[in-house]
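Hello,

Here is the structure we discussed handing over. My notes on it follow below.

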Amino acid sequence: MGISALNPPNADAVHETLLEFPDNRVLIDLCGEFDRNLAQIEQKLNVQIVRRGNQLAIVGDPALRAHADLVLKALYAKLESGRTIDSGEIDGEIRMGSSAQGTGSQAGDQTELFVSGRVEIKTRKKTVEPRTEAQKGYVNALFKNELAFGIGPAGTGKTYLAVAVGVNMFIGGHVDKIILSRPAVEAGERLGFLPGDMKDKVDPYMQPLYDALNDFLPEKQVSKLIEEKKIEIAPLAFMRGRTLSNAFVVLDEAQNATTMQMKMFLTRLGEGSRMVITGDRSQVDLPRGTLSGLRDAERLLKDIRKISFNYFTSKDVVRHPLVAKIIEAYDADENV
């Protein structure tokens, strides 16, 4: 039995939307401890949500009530399917709720699913959903294009979503391996002074990629796949001379690749592979006077069909809300 929207019983209730939820245990999880989930929705959407037994009454502006209605139904459906929700999930539903209606179409024959117009990326440990329209367009592009760029500030999910799609395509048998890379520009000539063998020296620079993988695959499986070379995590310099076939390849922090490094990396693309380039043009760590390969690639490749460029702004930040404000402050200062 699904959620039902009830007609208001009298004229005094015309400014409220009443939802009835059939499973009271799921409703408890939807409300959250001390109704904190409802409080988050109330604060973000400027509505009031009142619980009445197994019903929730939404009070406020009609458009905002309709938005809250979609958010609550979507969150309930997730809980009903056995998933959990947290503050981030709620924030994502609020951002996407206004476009939740309608039905998407399957992107090729990939295992990414479109559910009621939403995109779900299934991995071994969790199901990931884009939390903004820009993220949704980016994920669609990752499935549809053999080469895709994700450009924007930190915290917008560029690398995280790319790795999620890579894991999804790997476990679905669409690629044979995952290759994750980034320039180790901070190391430079000092790399030799770091302790340990080469892996020990470069692993600190690769840690964000390990973190993303461990979010989507069990730790033991990650270790086994790395040992079998079905997952490779290596600095950009290690890509020279290779042809990357039947692989899902991600170059992270691409703003720190030089023009020659970017050309070298892009021309590694082999048959049956997909390549994703992510970067933040505002965080270039290259020596002064050295052109960022990301900017150059954007200039040279923007008009080539089947290469997608996807852009993010501070509005797409899905970390702590202060991160978006910090990015906006720095952007404003640069434009003065």
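This is a predicted model; the mean pLDDT of the protein is 83, and 82% of its residues reach 70 or more.

Strand β2 (residues 16–20) is largely enclosed by the rest of the structure, because four of its five residues are buried. β2 pairs with strand β4 (residues 55–59) in the antiparallel sense, over five bridges. Thr17 has Ile58 of β4 as its bridge partner.

The structure holds 21 salt bridges. Among them:

- Lys44 and Asp91, 3.4 Å from N to O. This pair links distant parts of the chain, with Lys44 in helix α2 (residues 36–45) and Asp91 in helix α4 (residues 87–96), 47 residues apart. Lys44 is partly exposed at 46% relative accessible area, while Asp91 is buried at 13%.
- Asp69 and Lys73, 3.1 Å from N to O. Both lie in helix α3 (residues 62–80), four residues apart, about one turn of the helix. Asp69 is buried at 11% relative accessibility, and Lys73 is partly exposed at 30%.
- Glu33 and Arg36, with the closest N and O atoms 3.9 Å apart.

A network of salt bridges links Lys78, Arg83, Glu89, Glu93, Glu120, Lys122 and Glu129.

Tyr330 is in helix α11 (residues 321–334) and counts as exposed, because its relative accessible area of 58% is over 50%.

Regards

Conventions:
Residues numbered from 1 in each chain as written. Predicted model: local features only at pLDDT ≥ 70, side-chain atom pairs only at ≥ 80, totals over all residues. Heavy atoms only, no water. Buried < 20%, exposed > 50% of the residue type's maximum accessible area, 1.4 Å probe, protein only. Helix = DSSP H or I, 4+ residues; strand = E, 2+ residues; numbered from the N terminus. Pairing = 2+ DSSP bridges. pLDDT = per-residue confidence, 0-100. Salt bridge = Lys/Arg side-chain N within 4 Å of Asp/Glu carboxyl O.
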